[in-house]
Amino acid sequence: MQSSGGGGQRKGRSGGRRGDDRAERGERGVAAGDGAGQDEAETGIFLHRATGAVYKGETVVNSAGMPVRHGKGEWIDGEAKYEGEFRNDVMHGKGSYTYPSGASYSGDWADGKYSGHGTYQWPDGSFYQGSFVANAIHGEGKFVDAAGREWSGSYYNNVGPGLVHDEYE
């Protein structure tokens, strides 16, 4: 399915309109399961008129006849940007998100959350690289502060109990 660059309209396989009005209004569908009942992925451009957010990338039509983000794409909402993979209309797989503050996350996503291996960088240049579980720093990793000092080890739910920097030993 190809969409026009203007209003988010989509043309169905038969050449008729399917999901045009919903996509034009910026509504989004929620696909159930693992994509069963969905058409094969195609490329489209959608504008969410209420917020001005734009999605460019692969989509499928869910069982309710609504186009949803599914596959690789780019979502931009003001100064926030995500580029990567989607599954059933949520960030899932590999991707990078940049926040308006300048902070960013690049790595694995599961159901819209940081999960797996990734790197989170704060606007001051400090960063954490390692394991994440459901948006939390959790597992093995290292934190490097803005001055370049490094703390490595096991992190639990956003804290590194017992981590000591060489300077303090």
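How many salt bridges does the count come to? The count is seven, where a salt bridge is a side-chain nitrogen of Lys or Arg within 4 Å of a carboxyl oxygen of Asp or Glu.

Before you click, a word on the ground rules. You are looking at a predicted model, in which local features need pLDDT of at least 70 and side-chain atom pairs count only at pLDDT 80 or more, while totals for chains, interfaces and linings use all residues. Residues are numbered from 1 along each chain as its sequence is written, and side-chain values use heavy atoms, with hydrogens and water left out.

**Stop 1: R69 and D89**

Select R69 and D89 and show their side chains: they meet in a salt bridge, at 2.9 Å from N to O. The partners come from distant parts of the chain, 20 residues apart, with R69 in strand β3 (residues 67-77) and D89 in the loop between β4 (80-87) and β5 (90-98). Strands here are DSSP runs (E, at least two residues), numbered from the N terminus. Are R69 and D89 buried or exposed? R69 counts as buried because its relative accessibility is 14%, and D89 counts as buried at 3%. The cut-offs are under 20% relative accessible area for buried, over 50% for exposed and partly exposed in between, using a 1.4 Å probe and protein chains only.

**Stop 2**

Next, select E74, K81 and E83, which are linked in a network of salt bridges. Within it, the K81 and E83 side chains meet at 4.0 Å, N to O. K81 is partly exposed, with a relative accessible area of 33%, and E83 is partly exposed too, at 44%.

**Stop 3: D108 and K94**

Now pick D108 and K94, whose side chains form a salt bridge of 2.5 Å, N to O. This pair also links distant parts of the chain: D108 lies in strand β6 (residues 104-110) and K94 in strand β5, 14 residues apart. D108 is buried, with a relative accessible area of 18%, whereas K94 is exposed at 52%.

**Stop 4**

Look for S96, whose bridge partner in β6 is S106. The two strands form a hairpin with five residues between them, and G102 in the turn has a positive phi of about 105°.

Carry on to strand β7 (residues 113-121), which runs antiparallel to β6 and is joined to it by six bridges. A110 stands opposite K113 in β7. What sits between β6 and β7? They form a hairpin with two residues between them, and D111 in the turn has a positive phi of about 50°.

**Stop 5: the β1–β2 hairpin**

Jump back to strand β1 (residues 42-48) and strand β2 (residues 53-61), which pair in the antiparallel sense over seven bridges. Select F46 and you will find Y55 of β2 opposite. Four residues separate the strands of this hairpin, and G52 in the turn has a positive phi of about 85°.

**Last stop: aromatic rings**

The count of aromatic pairs comes to 18. Rings of Phe, Tyr and Trp (its six-membered ring) pair if their centres lie within 6.5 Å; planes under 30 degrees apart count as stacked, over 60 as edge-to-face and the rest as tilted.

Note on methods
Pairing = 2+ DSSP bridges.
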